[in-house]
Amino acid sequence: MKTDAEIIEQSRYGPAVFGELYDRHAPDIYRYAARRAGDFAAEDVMAETFLVAFERRHGFEGPAEAVRPWLFGIATNLLRRHHRAEARMLRALARSGPAEIPDGFDEIETELDAPARNARLGKALQALAPIDREAILLLVWADLSYDGIAAATGVPLGTVRSRINRARGKLRADLGSTLLLEQETNHG
């Protein structure tokens, strides 16, 4: 199986090969965008992410493991343009909440019923500074490592650690200490 970096390299000479990268990562980009901006924007963000990546593939240089963070970085930049949609989704989550809580926040389910849990989660996420919310959502919803988040956002690793630490502290204060236990174990 080709690595992501090999796909990008080969697509420079045979553009159709780039479709393999789309097939491999589009579902993850879509889920991340849907969680941040809703289904109505996710399809556009996903498609535009791969369009931008395709157009910039000649400038990509890095190891295979850098491709996924690069794609999430593109998606995150596109989502910044959709920040109003994200704010609406968080307000809606705070008001009523979807039937399911987003992946990575299942621990709180034992504490509260779904509507109250989702309302608290939406309010807590909305209360975070946008840069801190972005970092924690890349960690929890996109399942990127700290290094991956640094690559995706173009900030130093120490800044990523500070942002996630700040977000975790605020979420713990707002939601309780069990919320991010699994992420701390997996990413901490």
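Predicted model: local features only at pLDDT ≥ 70, side-chain atom pairs only at ≥ 80, totals over all residues.
The axes of α1, which spans residues 4-11, and α4, which spans residues 67-81, cross at roughly 70° and come within 9 Å. On the α1 side, the contact is made by Asp4, Ala5 and Ile8, and these meet Val67, Arg68 and Trp70 of α4. Sorted by class, this contact has 4 nonpolar and 2 charged residues, with no polar ones.

The protein chain holds 10 helices and 0 strands, and its elements run α-α-α-α-α-α-α-α-α-α from the N terminus on. Of its 188 residues, 45% count as buried. Among the contacts between residues at least 6 apart in sequence, 63% join residues that are at least 24 apart.

Two packed helices are described by the angle between their axes and the distance between the axes. For α1 and α2, the axes cross at roughly 145° and come within 8 Å. Here α1 contributes Asp4, Ile7, Ile8 and Ser11, while α2 contributes Phe18, Glu20, Leu21, Arg24 and His25. The residues of this contact divide into 4 nonpolar, 2 polar and 3 charged.

The burial pattern of α1 can be read alongside these two contacts. Asp4, Ile7, Ile8 and Ser11 are the buried residues of α1. Seen down the helix axis, they fall within an arc of 95°, so they line one face of α1. Their cover includes α2 (18-37) and α4.

Helix α9 runs over residues 157-175, and its 19 residues should span 27 Å at 1.5 Å a residue; the end C-alpha atoms lie 26 Å apart, which agrees. Within α9, Val160, Arg163, Ile164, Ala167, Arg168, Leu171 and Leu175 are buried. These residues cover an arc of only 130° around the axis, which puts them on the same side of α9. Asn165 and Ala173, on the other side of α9, are exposed. The helix is followed by Gly176, which has a positive phi near 110°.

Leu157 also belongs to α9. Its relative accessibility is 29%, so Leu157 counts as partly exposed, a class that lies between 20% and 50%. Leaving aside neighbours within four places in sequence, Leu157 is in contact with Tyr146, Asp147 and Ala150. The C-alpha atoms of Leu157 and Asp147 are separated by 6.2 Å, although the two residues are 10 residues apart along the chain.

One of those contact partners, Tyr146, has its place in helix α8, which covers residues 146-153. With a relative accessibility of 9%, Tyr146 counts as buried, since that value is under 20%. From C-alpha to C-alpha, Tyr146 lies 9.1 Å from Gly158, a residue 12 places away in sequence. The loop between α7 and α8 contains Asp143, which has a positive phi of about 60° although it is not a glycine.

Helix α7, made up of residues 130-140, includes Ile131. Ile131 is partly exposed, with a relative accessible area of 41%. Not counting residues up to four places away in sequence, Ile131 touches Arg163 and Arg166. The C-alpha atoms of Ile131 and Arg163 are 7.2 Å apart, and the two residues are separated by 32 residues along the chain. Arg163 is among the buried residues of α9.

Ala92 is partly exposed, having a relative accessible area of 26%. Its C-alpha atom is 9.5 Å from that of Lys123, which is 31 residues away along the chain.

Definitions and conventions
Residues numbered from 1 in each chain as written. Heavy atoms only, no water. Axes fitted to C-alpha atoms, helices over the stretch in contact; angles between N-to-C directions. Helix = DSSP H or I, 4+ residues; strand = E, 2+ residues; numbered from the N terminus. Contact = heavy atoms within 4.5 Å. Nonpolar A, V, L, I, M, F, W, Y, C, P; charged D, E, K, R; others polar. Buried < 20%, exposed > 50% of the residue type's maximum accessible area, 1.4 Å probe, protein only. Expected span 1.5 Å × (residues − 1). Arc of directions from axis to C-beta.
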